[in-house]
Amino acid sequence: MTFDYDLFVIGGGSGGVRAARIAASQYGARVALAEESRMGGTCVIRGCVPKKLMIFAATAPLMAQEMQGYGWQSAATGDFDWPGFRTKLHAELDRLEAVYTSGQQNAGVDLFMQRATIADHHTVELADGTLKTAKHILIAVGGRPVRPDIPGAEHGLISDDLFLLDRLPRRALLIGGGFIACEFATILNGLGVQTVQAYRGDAVLRGFDRQGRDLATAQLRDIGVDLRLGISPTRLDQEGDQTVVTFDDGSTDRFDAVFFATGRAPYTKELGLENTEVRLQKNGAIAVDEWSQSSVPSIFAVGDVTDRVNLTPVAIREGHSYADTVFGAKPRKVNHDIVASAVYMRPFELASVGLTEEQAKARGDVDVFATTFRPMRSGFAGSKERMMMKLLVDPDTDKVLGCHIFGPEAGEMIQLAAIPITMGATKADFDATIAVHPTASEELVTMRQPSEQYRGQGGDD
Ligand SMILES: Cc1cc2nc3c(=O)[nH]c(=O)nc-3n(C[C@H](O)[C@H](O)[C@H](O)COP(=O)(O)OP(=O)(O)OC[C@H]3O[C@@H](n4cnc5c(N)ncnc54)[C@H](O)[C@@H]3O)c2cc1C
Ligand SMILES: NC(=O)c1ccc[n+]([C@@H]2O[C@H](COP(=O)([O-])OP(=O)(O)OC[C@H]3O[C@@H](n4cnc5c(N)ncnc54)[C@H](O)[C@@H]3O)[C@@H](O)[C@H]2O)c1
């Protein structure tokens, strides 16, 4: 049987563009890609990139405050020019989108800037009705924000909306305690918005190391976020320009903007999957094996639509591995066990690789090397913020099982710590490394005595 293409990729985000480019440019496959919105996907257009640029913008008041502690008595930020910043931000996103588009074109990928659905195991239907056949189909459609099922949820905004606001709200509510809620609370607070964050748990960032979570929770309050724990909204009502929120403790409050940061779901609805035998998980994610292959041999899926580890570098690695495996005869699996990540809060970030202390203790014996301290830079300026460094070590093998950092630029630090940990480094390897002084990260190689030697006596989480 002959096909129009060797590969048809649905979705021009992190996973899709990588798979398409590698299959076409390195392995000579005939590749097409459909994108219904903008090339680059969530990360480039409405995720990592605009978010991080806004985090940089939001850092100014904290920097001015710190510099006052260094003798710059009248250091101040002045007024934030949101329209000016937003124009520059979108010019940058346009530039990046063009880079992604030309990257595909230069690789020889045929682009269709429209929605695609699956007609059968080898056929894709474009929104204009065109049918394209392909030996392989790669689903890389990502995820979409989820609004909770409460009355008036339609009055709430989602993360995509932050980057498009005409003006910044005077007072805003963020609902959730995950990555997006914590980063967005940091951004809005830093840009001068009165920020309330409501989270149903007892500390933000569930799934991270508990000590790091507690520090992150305290920091949100320290920078001025009105963090309300143990509550959830039960309804939203729109009254003129204001959204009135009722919470499950009976309280009500009104805001100029309410953002839901209550998670994302795989975007598999109305994708034509009913025309296939592709198996879905309960949450709508495409069920795939370790090669990213679905239950249909010609259909693979990568990235957030598979709900494995929903981060850009993981989607990219899955897309690349897929192209190597299927078109390059170089079988490559992705190891999802050790993936570093960071939450870009300010002034300190929370970053993590490997097991949390709670996970390590649940697994068995562990030596905990942990320290909290006031780092030189902010400490001198008068800040009471404490930084955390933690290594979790298997006492039998001496292998470092996990590393957690709460501190300035922790994301940058964890990237480097992730290399030896991925390689299987031991604590002795860390100890053998001579410190760089004076840095905050030197603590990683100078912690000699365990703060706790846990020997399976019950755990504390
Ligand atoms: C606010 C925010 C901040 C984030 N920050 C970070 C971060 O700092 N670091 C990090 O690692 N990750 C971050 N992420 C997560 C990261 O963006 C995702 O993990 C990543 O984009 C997943 O890539 P993907 O290829 O699976 O999907 P996506 O990037 O979502 O791409 C899917 C693409 O498919 C298109 N599409 C969908 N359906 C169709 C269809 N039927 N036909 C044609 N096209 C279709 C969509 O328009 C989209 O462009 C963030 C996410 C958000 C929302
Ligand atoms: N820095 C980064 O790497 C980064 C940044 C942003 C997003 N991301 C990725 O995007 C994903 C999505 O981010 P997210 O923050 O939306 O999801 P998340 O899963 O991290 O957090 C969702 C939060 O919403 C809460 N929640 C869920 N339903 C609720 C309800 N009905 N009422 C009140 N609270 C509710 C949850 O308890 C949780 O705190 C992340 O898991 C991550 O993979 C990564």
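Helices (H or I, at least four residues) and strands (E, at least two) are DSSP runs, numbered from the N terminus. The model is predicted: local features need pLDDT of at least 70, side-chain atom pairs count only at pLDDT 80 or more, and totals for chains, interfaces and linings use all residues. Residues are numbered from 1 along each chain as its sequence is written, and side-chain values use heavy atoms, with hydrogens and water left out.

Two prolines follow cis peptide bonds. P347 sits in the loop between β17 (341-343) and β18 (349-354). The bond joining R346 to P347 is cis, with omega about 0°. A cis bond also joins H437 and P438, with omega about -5°. P438 is placed in the loop between α13 (427-432) and β22 (452-454). The loop between β15 (264-266) and β16 (299-301) holds E270. E270 is not a glycine, yet its phi is positive, about 55°.

The chain is assigned three domains: domain 1 (5-144 + 265-327), domain 2 (153-262) and domain 3 (341-451). These bounds come from an automatic or database domain assignment. The C-alpha centres of domain 2 and domain 3 are 29 Å apart. Their contact (heavy atoms within 4.5 Å) takes 18 residues from domain 2 and 21 residues from domain 3. About 1600 Å² is buried between domain 2 and domain 3, with carbon and sulfur atoms giving 63%. Buried area is the accessible area (1.4 Å probe) that two parts lose on being put together, summed over both. F208, D209 and Q219 supply 36% of what domain 2 buries against domain 3, more than any other three residues.

One salt bridge is counted between domain 2 and domain 3. The term requires a side-chain nitrogen of Lys or Arg within 4 Å of a carboxyl oxygen of Asp or Glu. D209 forms a salt bridge with K390, and their closest N and O atoms are 2.8 Å apart. The count by this rule comes to 28 salt bridges. R377 and E66 also pair in this way, at 2.7 Å from N to O. R377 belongs to helix α11 (residues 376-380) and E66 to helix α4 (residues 60-68), so the pair ties together parts 311 residues apart in sequence.

Helix α3 (residues 48-58) and helix α5 (residues 82-107) have axes that come within 11 Å and cross at roughly 145°. Axes are lines fitted to C-alpha atoms, for helices over the stretch in contact, and angles run from 0 to 180 degrees between N-to-C directions. From α3, the contact uses V49, P50, L53, M54 and A57; from α5, W82, F85, L89, E92, L93 and L96.

How values were computed. Chains lettered and ligands numbered in written order.
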